[in-house]
Amino acid sequence: MTKPADQWKWQELEPGFVIIEPGSASDYKTGDWKSMHPVWNEAVCIKCGLCYTYCPDMAVFQKKTGYFAGDYDYCKGCGICAHECPTGAITMVEGKE
Amino acid sequence: MTQAARKKIGIEVSLAVSDAVKQCDADVISAYPITPQTHIVEHLAELVANGELDAEFIPVESEHSAMSVCAGSSAAGARTFTATASQGLALMAEIVYCVSAMRLPVVMVVANRSLNSPLSIWNDHGDVMMVRDSGWVQIFVENGQEAYDHIFWSFRVGEDPRVLHPVMLNMDGFIVTHTIEPIEYWSDEMVKKFLPPFRPKYRLHPDNPVTMGAFGPPEIFTECKMAQEQALLAARPIIDKAWDELYQICGRRYLPVEKYRADDAKTLFLTMGSIGETAKVAVDEMREKGQEIGLVSLRLWRPFPFEEIKDAVKNAETLIVIDRALVFGGVGGPVASEVKAALFSEKKRPKVVNFIAGLASRDVQPDDFRQMVEKARAKVAAGKEDEYEIYGVRG
C-alpha cells in the first residue's frame, strides 16, 4: 500500500477495503512472525536447491556463489528447509535473524 | 404521481417475486432449494430455461456455495439474486458476512422459517435473527404486493454507488410465500425508470485488477469495520429516497416505521412481518369497541430506525412488542430488546411489554391480540412488564 497499514484513516479506505494497488502484499513483512531462523553451513551444502524448492513462502534465494540464503523479511521460520535438507546443512537458530 | 391503476393478477407470491427478479433483468441467480423458498428459485430456473430471462442460473451443492457464487458474480459486476431460509441461511452465514463486508450488493430473499431442532419447516424469525448483525440492509414485508415491490427497491438501494450493500428481503415462509394474492405488476417501463443499470465502482476484471476480501491485520481491521458501519448508516437517506420514488412510480407508500391508527392510541402493538396484517384486523375490532389501540409496523430492521421508533411510540402508555423469535438466555425477543434500547434514554416512554408469539407458524388470531392487551394491562398494573412471556405456551 502507498503508506503503512497503521496510518490509514477509515475515510480513506476504498469501499469493501478493495486494494487497487497491485503487489502491495510485499509491503507486509511477515518475517517478524518467526521465533527461529534458518542458518546455512556452506561447508556441507551441495547446492541442490531443495530448500529453495520446498520453501512455502519463496523466502529462500540463491546467491551469486550458488549457495542459498534466507530472505528474513518474509521467512516465517517454519523450518521446512532444515527438515528437507539432505546433508543437514541448515540449522534452525533461535531469534529472528 | 401514480400511474393509472394497473390490473391486478392472482398469483402465488413466490412466483410474483421471481417475475420481479426477471423484470430487474438479473444476471446471475445461484441457489440451493430449501422450503419454503423453493418456488422462488424454481420459477427463476424455469424462466432462464425457457429463454425468458437472459441470466446464468447456477445450481450448487449447498447454500454455502450459493452465497459464494453470489459473492463472485457480484464482484464481477453482475446483478445477483438468491433466496434461502432457515438451515440454508445457517449454512451460508459465513459468506453472508463476507458479502456485506466486501460491499457486494447481492439481493437475497429470506423466506423466514424456524431453525431446527426439532425439525420445523414452518414460519418464524429465528433464522434471520442469526444474521441480524451481518451488516446487510434488512427489511420485512407483510404481504405479496409488498414483497413484489421490494424486489425492485432492494436492487435499487443495494446497487446505489453511495450504498453498495447487500439487501435481505424477509418475507414470512408459507404465510406470504405460498399464498395466492392479487398483485399489481409493474410495467417494464416503470422498472426501467426506477432501477438504473448496476455500475460498480470496482469489479473483478483482468484489464483492471484489484484485490477484494484482502487480509486485514490488526493495524487496519478497526478502520475497515468503522468504514463498513458508517456506510450502512449513510445509506438511510438513499433508502428513504428509494421509497419516495417507488411511491411516485406505483403509488404505494412505504416507510421504515409504519403506523396504523396509532397517533392517539394509549396502547400500541409493535410487529414485524405478516403478523402485522392480523394485528390491523384486531386493532379495527378493538377500536370499534372504543379501545384506544393502534399498531406500529417495523419495516426497516437494519439500519435500525431509532428516531422513527421513538417518535412513533412516544405518546403511548403501553407498547406491546410481539417478537417471532426467542433470544435464549437474553432479555426477551430481538425486536423488544432493540426497542427498549432505543427508548432507554427517553424521558417520556411507554411501558414495554414483550410477547414471543407465532413460533413455527403457531397461529396468532385477532382474539390473541385482545388477550395480549389484557395480559399487558395486568403486567403493567403489577409492575411486571419487564417479564417477557412466550404467548400461548402450554404448561
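Predicted model: local features only at pLDDT ≥ 70, side-chain atom pairs only at ≥ 80, totals over all residues.
Residues are numbered from 1 along each chain as its sequence is written, and chains are lettered from A and ligands numbered from 1 in the order in which they are written.

Helices (H or I, at least four residues) and strands (E, at least two) are DSSP runs, numbered from the N terminus. Helix 1 covers residues 13–23 of chain B and helix 2 covers residues 38–49 of chain B; their axes come within 8 Å and cross at roughly 45°. Axes here are lines fitted to C-alpha atoms, for helices over the stretch in contact, with angles from 0 to 180 degrees between N-to-C directions. The two helices of chain B, helix 1 and helix 2, are therefore oblique to each other; angles under 35 degrees count as roughly parallel, over 145 as roughly antiparallel, 65 to 115 as roughly perpendicular and the rest as oblique.

From helix 1 of chain B, Ser14(B), Leu15(B), Val17(B), Ser18(B), Val21(B) and Lys22(B) meet His39(B), Ile40(B), His43(B), Leu44(B) and Leu47(B) in helix 2 of chain B. Contact requires C-beta atoms, placed from the backbone, within 7 Å. By class, this contact of helix 1 with helix 2 of chain B has six nonpolar, four polar and one charged residues (nonpolar: Ala, Val, Leu, Ile, Met, Phe, Trp, Tyr, Cys and Pro; charged: Asp, Glu, Lys and Arg; polar: the others, Gly among them).

Phe306(B), Ile309(B) and Lys310(B) of helix 11 touch Val339(B), Ala342(B) and Leu343(B) of helix 12. The residues of this contact in chain B are five nonpolar, no polar and one charged.

Chain B as a whole has 13 helices and 15 strands. Its C-alpha atoms fill a box of roughly 70 × 55 × 45 Å along the principal axes.

The contact between the chains takes 20 residues from chain B and 14 residues from chain A. Helix 8 (residues 218–234) of chain B gives the most to the side of chain B that touches chain A, with seven residues. That side of chain B divides into 14 nonpolar, two polar and four charged residues.

Notes: Contact = placed C-beta atoms within 7 Å.
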